[in-house]
Amino acid sequence: MRCPACDAPHGAAARYCDQCGTRLPPLPVAPATSQDDGREAPQAGDRRVVTALFADLVDYVRMLAEHDAEEVKRRVDAALATLDASVGRFGGSREKFIGDAVFAVFGYPTAHDDDALRAGLCALEMRTALADMASHGEEPLNVRIGLATGEVVASPRAAGESRDGAVSGPAIAIAARIQGLAAPGEILADSATVQAARGRLAVEDRGTTRLRGHPTPVHLHALTGEQAARPAAAPATRLVGRIVERARLVALIDACRATGAGGVAVVIGDAGIGKSRLIADLETDAREAGLHWTWTDNVSYGAGEPYRFLRAFAQAIADEEGTDSGTLARRLMFSNDLDPGAARRIAGAIAAMAREASFSGWEAEAVHAPTDATDVAAAILEAALRYIARLGEVLGPRVIVVDDLHWADPSSQPALEQLARAASELPLVVIFGTRSGGLPPWLEAPGVERIELGGLSPEETRDLAREVAGSELARPDAHAVHERTRGNPLFVAETVRALLDDGSLAIRGGRLELVADPAAGGLPLTLRALLGARIDALSQAGREVLGVAAVIGMTFRTDVVAELVGRSPRRSVLDGLAGAALIVAQDGGTTWRFAHPLIRETAYAGLLTVRRRALHARLADRLEVEPRVAIGRVARHRAAAGDVARAVPLLDRAARDALALGATTEAAEFWRAAARLVGDGDSRAAEFRRAAVVAQHAGSTGQDGAAGQPTGAEKGSPPAIRGPILSAGGPTEPS
C-alpha cells in the first residue's frame, strides 16, 4: 500500500504515513467487477499527466518555540491562505493542507496545455507573496517548494468528498521528496517539469540526485523566474519549410518600408504547428528594413485579467525604449494638439489602469478616472487609440506581433480590433498568431493576409529531424516519424528527442536509424499534456467514445463502439468530436478516423489499464466470430488484454501464417511479441526469440524461413522494424 499524499510505501496495518504524516485510508473492499448483463463495470478515473506542487513553510517549529502559539497560528493560516490563492489563480487544484504545507496539482480535475508552466509561475508567485506579507515589520515567512511532472491515476470526486487519494503516481512522491531537498526560499523542479514548460521557466541546473524510494536519479533545476514566451532570437534549430508563407509576411514588411503604410496578417494553425517560430524568424528582416520589433504574447491563465494585453503591450514598448510604462505613456499621449477634455479623460483612464500595473507617476490623475463602467471602458479605448496613433508618429515604423490571440483577455479585444483597423493607415505591420477555429470578424475583413499552416512535408520532416538530432535520419525512419506526427513541427521535435533519450534512435553506419517502433516508448509528456488538454475539454460522453475508439484503432465504426460500450454513440457526440478536430467522418458517418495518430495515442494512454484490457478482450471476442478476420488482429487484442493463455498460441499461429506468405518481418515481430508476453522465466521465450531471428534472417537473405541458422551478427540487435508493430496501443487497422 502507498500513501495517497506522497506515494510512500507503508505496511497494511499502518494508520499514518511515516514520511508526511497523512492519515492513511482503510484498506479498500474489492468492488464488484461485473453487472447483471455480464459486462465489466466501468472503471472510474483515468490516467493523465499532471504537475504536482508541494510548498512547505520554513521554521514552523522554531516559530512555535519563540512566539505565542495563537500568533503563530494566525500567521501560518494567513500564509496558507495566500499559497492557496496562488494555486487557484493559476488554475491548479489544492488537494490538501498537510500541517504547514500545501499539496496541489495542475492538470486535474481540469487539464490545460501549459500546466507545468502554470505550476512554475504559481510557485514563483507563492515565494513573492510570502515576502510581501512581511512588509509590516513582521518576521518574514519563507517557503521551500518542489515540483514534479508525470503520469498519475486520477479518481473523480463527488462534491464535498475527501480529496485523499484523488491522484496517485510517482510524480507526487518526487515532488514531496525534492521539496525536502530545497533550501529556504528555493523552488526545485524535475527535468520533466522544465521540459513540459517548453522554455518558459528560467532555471539553474542543480545536477542529479537519488531520491529515496525512486529507482533512477532525478535531475533537479532551481526556478529563478519566468522567461518570455517569445521564441529565442537565435533558435536552436533553423526554420524548416514555410518558404511561401514567410515570403508573404516579408512582403508586408517590405511594403511598409517602401510606402510608409502598414498591413495586417494572421497566422493560423493548431498547437505546435510552428506559428510562433515562423513569425519569430522575421525579426531580422524587420530590423534590417528599419522597423522596430515588438512581441506581445497572450497566456491562458491571463484571460481573466482585465486589460492584460494592453498592459503587456505598453510594458514591451517601454522595455525597448529603456524606460517605464508610465513615463513612456506620458511622453506619447500628450502633445499641444490634444484637447484638454480628451487629455483629462485619457489621463483618468491611464490612472485607473495604473492602480494594478507597472505604470508610475499617474496618481494625481486618478481624480479624472470615470466611475461608470461603460465610461471607463470608453476612456481606456480612447487612450489605446491615441497610444497606437502616436506610436508610429513618435517612435517610427514597427512590426507588432500579437501571439496566441485566442487567449487575449475580453477587455482588450476592442483595442485589438482598432489596432488591426488602424494598421493600414499607420507605419505598423501587425501580425496575429492564433489557433484554428473561429476568427473575430475584424480579421475576416478584406486586406488581411491570412496564412494557414499545415504539417511539414515528409522531406521537411526529415530535414527538421536532422536539425534536432544533429545527424541524418534514414529515409524510411523519417517517414515513420512523419506518419506518427503528420509533420507537426513540435510533435516531430519532441518525438525525435524522446527517441534519442530512450535509445530508440541509434547511429548505424554514420547515420541515425530506428531500432524500435516510434510508438513503443509512448508519448513524450509534453505532447501528452498538450493533447490531453484538448481531450479533457470534452464532455464525459465524448471522452468515453474517444477512449473506446482508440482501442479499436485509427479507424473505427460506430456499431463496434456501440457493442463495446453497450449503447450507440449519439450523433451529436461524434459531431462534437469532429468539430474539435479530433476525428474525421468517412463513408457518410458510419466510419470515422482519428485526425492525428498522436490524438489516438493520447486518448488510449488516458484509459485505466483495467478498462483498456477489458475493451481489448471484448473486441477480440467480437473479431473471433467475424468471418475473414486476420488471426494477427485477434492475437494483438488478446495480447493487449493481457490474456497470455489465449494470446500466445494465436501469436505463434499468426507468425507461421505470415512466414508462409513470405512476410518475414511480420512473422519475426509476432514471435518477439509472444516472447515478451510469456517472459524470460518461460522456456518458450527463447524458442520464440530464436524463431524470430531465423525469420528475420530468411527475409534478409531470401532463403526459405524454415532453413538457415542465425549468424553471429544476427544475434545482436534486430534491424529497424518496418512492419506492423504489436504495441500497447493495439492494432491500427479498422475493426
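Q: Is F309 buried or exposed, and what is its relative accessible area?
A: This is a predicted model, in which local features need pLDDT of at least 70, side-chain atom pairs count only at pLDDT 80 or more, and totals for chains, interfaces and linings use all residues. Residues are numbered from 1 along each chain as its sequence is written, and side-chain values use heavy atoms, with hydrogens and water left out. Buried means under 20% relative accessible area, exposed over 50% and partly exposed in between, with a 1.4 Å probe and protein chains only. F309 is buried, at a relative accessible area of 2%.

Q: Which helix holds both F309 and F313?
A: Helices are DSSP runs of H or I with at least four residues, strands are runs of E with at least two, and both are numbered from the N terminus. F309 and F313 sit four residues apart, about one turn of the helix, and the helix is α9 (residues 308-321).

Q: What is the angle between the planes of F309 and F313?
A: Rings of Phe, Tyr and Trp (its six-membered ring) pair if their centres lie within 6.5 Å; planes under 30 degrees apart count as stacked, over 60 as edge-to-face and the rest as tilted. The structure holds seven aromatic pairs. One of them is the stacked pair of F309 and F313, with 5.7 Å centre to centre and planes at 15 degrees.

Q: Why is the pair of F432 and W442 edge-to-face?
A: The ring centres of F432 and W442 are 5.5 Å apart. Their planes stand at 65 degrees, so the pair is edge-to-face.
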